[in-house]
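Open your viewer and get ready to select some residues. We will go from stop to stop, with a few words on what to look for at each.

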Amino acid sequence: MPLPPAPTKRAALLPTEAYDAPARSSHKAARKSESPGAEAVVAERPQVEDFDPRTGGELEPPLAYVDEAPAAEKPAARRRAAATEPAPRRKPKSTGPSKLFVLDTNVLMHDPMCLFRFEEHDIFLPMIVLEELDGHKKGTTEVARNARQASRSLDQLAGAQGADIGAGLKLDTTGHGEAGGCLFFQTQALANHLPSSLPQGKADNQILGVVQALREQHAPRDVVLVSKDINMRVKARALGLKTEDYRNDKTLDDLDLMYSGALALPADFWAKHGKTVESWQSGQHTFYRVTGPVVPSLMINQFVYFEAPGEPSLYARVTEIRGKTAVLRTLKDYGHLKNAVWGVTTRNREQNFAMNLLMDPEVDFVSLTGTAGTGKTLMALAAGLTQVLDERRYTEIIMTRATVSVGEDIGFLPGTEEEKMGPWMGALDDNLEVLGKTDTGAGEWGRAATNELIRSKIKIKSMNFMRGRTFLNKYVILDEAQNLTPKQMKTLITRAGPGTKIICMGNLAQIDTPYLTEGSSGLTFAVDKFKGWPHSGHITLARGERSRLADFASEVL
C-alpha cells in the first residue's frame with residue numbers, strides 16, 4: 001500500500017481521502033499532486049485547542065467538518081488516526097481553582113524540593129525569604145545544605161530558556177512534570193495594613209504583610225501562607241489570613257494507619273476459607289494456599305495469626321501472593337528453649353514474629369518499632385551474634401545510632417570515633433551484659449573470653465562518616481532510628497552491599513529531633529516504603545518485657 005502524504009496538521013484531523021493518496025517521489029511533486037480542496041479542508045479544521053484528552057484521544061469532529069466518505073470507512077480511518085497521534089500531555093489533577101501559596105523560609109530549609117510539590121498551584125516567594133535563605137547557606141549542617149540546594153533550584157528555574165520573572169517561572173521547566181504552577185518573586189514593594197503593634201522590621205511580620213497585600217490584590221483567589229513555624233501560623237490566623245502547615249514531608253497523617261506487619265485472621269476464617277485451603281509439608285514448615293476475601297488485604301512477609309478458644313492456633317507468614325491466592329508458611333517457634341538464639345527465647349507473639357525475620361537470610365531489611373522495653377535491641381543483638389559467630393553468615397556487626405541528646409548536650413567527647421560513640425551506646429553494653437550471662441557452663445574464664453570475642457566482632461560507627469561507604473556481608477543495626485530524617489535514612493540504607501542485612505529499630509513515641517514528628521520520621525518513611533517488598537519485613541512490638549515498672553510507666557506517663 002502506498003504511503004500517505006505527510007500531514008500538515010494533527011493526524012486525527014486529516015480527511016479520509018488522504019489515506020488512499022498515491023505515494024509521492026519528492027516534495028515538489030507532492031505539492032503539485034495535492035488538490036487545493038483538500039488543503040482548504042485541512043486548513044479549516046479545528047486547532048489543537050479543541051482536542052480533549054478526556055475522550056481517550058478520539059475527538060469527534062463537528063458536523064461542519066464531517067467527511068463525505070462512506071460510513072464503513074470512518075471508524076477505520078479514525079483508528080488509524082488515533083494510532084499515529086501522539087499521546088496528550090497529562091495534566092495535574094485539579095479539584096478546584098488553583099491557589100497562591102506563600103512559602104516561609106523554614107519550609108525551604110526543611111525540604112528544598114518543596115517548590116515542586118504543590119501540583120497545579122502557584123508559589124510566591126517574598127524578598128525577605130530570599131534574604132533569610134542567603135543568611136543560612138553557610139556551614140555544614142543539614143539546614144545549610146538544604147538552603148544551598150533550594151538556592152540552586154531557584155537559580156535553575158530563573159536561568160531556564162525563555163524564563164520571565166515578571167510573568168512567573170514555570171516550575172516544570174527543570175524536569176519536574178508533577179509541578180504545573182508558576183513561581184513568582186516579589187519584584188516590587190507591596191503595601192500592607194498590619195497593626196502598628198507588630199514591629200515592621202521583623203522578618204515574620206514582613207512575610208505576613210506580603211500575604212495580606214497579595215490577598216487584597218488577588219481577591220477572590222485563595223492566598224495561603226505555608227510555614228513550619230507554629231507561632232507564625234497563630235499570628236496569621238489572628239490577622240484573618242489563611243495558613244497551613246507543610247504536610248508533604250509527612251508519610252502518614254495518623255500513626256494508627258502505620259503498617260504493623262501482623263494481621264489477626266477473623267474468627268470465621270476457617271469457616272469461609274477451610275474448603276478451599278490446600279496444605280503441604282516441606283521440611284519443618286507447613287504451607288497453606290488460601291483463596292478468599294482475606295487475600296486482598298495481605299502483603300508479602302506479613303504475619304498472620306489465628307487465635308480462638310477451643311481451636312488450634314495458627315501463626316504464619318505470607319510468602320507468595322498471586323492474584324487472589326496467597327501462600328502462608330508456618331513459623332519457627334523461638335519461644336521454645338531448644339530454638340533459643342544465643343540463649344534468648346521470645347516471650348510473646350510479636351517477639352517470635354520479629355525473631356523469624358531477624359534469622360531469615362532472605363530478608364535483607366528488618367524494621368522494628370515498639371515502646372520501651374519490648375526487646376528490640378536484645379533480639380537484634382542475639383540474632384546478630386548467632387549469625388556472625390555460630391553460623392558465619394556475616395563477618396561482623398556494625399552498630400550506629402542518631403546522636404541526639406534528650407536534654408542539654410554535655411559538650412565535646414574525647415577519644416577516637418569509637419570512644420566518642422561509647423556514651424551513646426549504653427544500650428549495647430546493657431544488652432551485652434545480659435547476653436554474656438546466658439552461657440552458664442563456660443565458667444568465669446570462658447565468659448571473659450566470650451566477651452572479648454564478642455567485642456571484637458562488634459564495631460561502633462558514627463553516622464557522620466557513613467557517606468560513600470559500602471558494607472559487604474555485614475549485620476548493620478541502626479538504633480534510635482526514629483530520630484533520623486527520611487534523607488538520612490536513605491543515606492544509611494543505601495550503604496548496604498551484597499550479603500548485608502540492615503536492622504532499623506526505634507520508638508516513635510521518643511523523637512528528640514526538632515521539627516520531626518511521628519508522621520515525618522525517617523523510620524515511618526522506611527516502614528511505609530518497604531512494606532510488601534519480598535526481602536523486607538516489619539513488626540510492631542506491642543508488649544513490654546523489661547519490668548512491671550517500665551510497662552506501667554509507658555502506659556501512664
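Start by selecting residues 285–291, strand β9, together with residues 325–330, strand β12: the two run antiparallel and are joined by five bridges. Within this pair, Phe287 has Arg329 of β12 as its bridge partner. Helices (H or I, at least four residues) and strands (E, at least two) are DSSP runs, numbered from the N terminus. Two strands pair if DSSP finds at least two bridges between them.

A word on what you are looking at: this is a predicted model, where local features need pLDDT of at least 70 and side-chain atom pairs count only at pLDDT 80 or more, while totals for chains, interfaces and linings use all residues. Residues are numbered from 1 along each chain as its sequence is written, and side-chain values use heavy atoms, with hydrogens and water left out.

**The mixed sheet**

Now widen the selection to the open sheet of six strands, which has the order β7-β10-β11-β12-β9-β8 and mixed pairing. Which strands stand at the edges? They are β7 (262–264) and β8 (278–282); each has a single partner strand, so one side of each is left without a neighbour in the sheet. On average, neighbouring strands here are turned by 30° against each other, direction ignored.

α10 lies across β7, β10 (303–306) and β11 (314–322), and runs at about 145° to β10. Axes are lines fitted to C-alpha atoms, for helices over the stretch in contact, and angles run from 0 to 180 degrees between N-to-C directions. Contact means heavy atoms within 4.5 Å.

Zoom in on β16 (residues 474–479) and β17 (residues 501–506), which run parallel and are joined by four bridges. Look for Val476, which stands opposite Ile502 in β17.

**Strand β1 and its partners**

Move to β1, residues 100–103: Leu100 and Val102 point one way, Phe101 and Leu103 the other, and all are buried (under 20% relative accessible area, with a 1.4 Å probe and protein chains only). In a regular strand the side chains alternate between the two faces of the sheet. β1 pairs in the parallel sense with β5 (residues 223–226) over four bridges, and Leu100 has Val223 as its bridge partner there. β1 also pairs in the parallel sense with β2 (residues 122–125), over three bridges; here Phe101 is partnered by Ile123.

**Two last stops**

Select Ser153 in helix α6 (residues 142–158). Is Ser153 buried or exposed? Its relative accessibility is 9%, so Ser153 counts as buried. Leaving aside residues up to four places away in sequence, Ser153 touches Pro112, Leu115 and Phe116.

Finish with helices α7 (residues 203–217) and α8 (residues 230–238), which pack at an angle of about 40° with their axes 11 Å apart. Asp204, Asn205, Ile207 and Leu208 in α7 meet Met232, Lys235 and Ala236 in α8.

Key. Buried means under 20% relative accessible area, exposed over 50%, partly exposed in between (1.4 Å probe, protein chains only).
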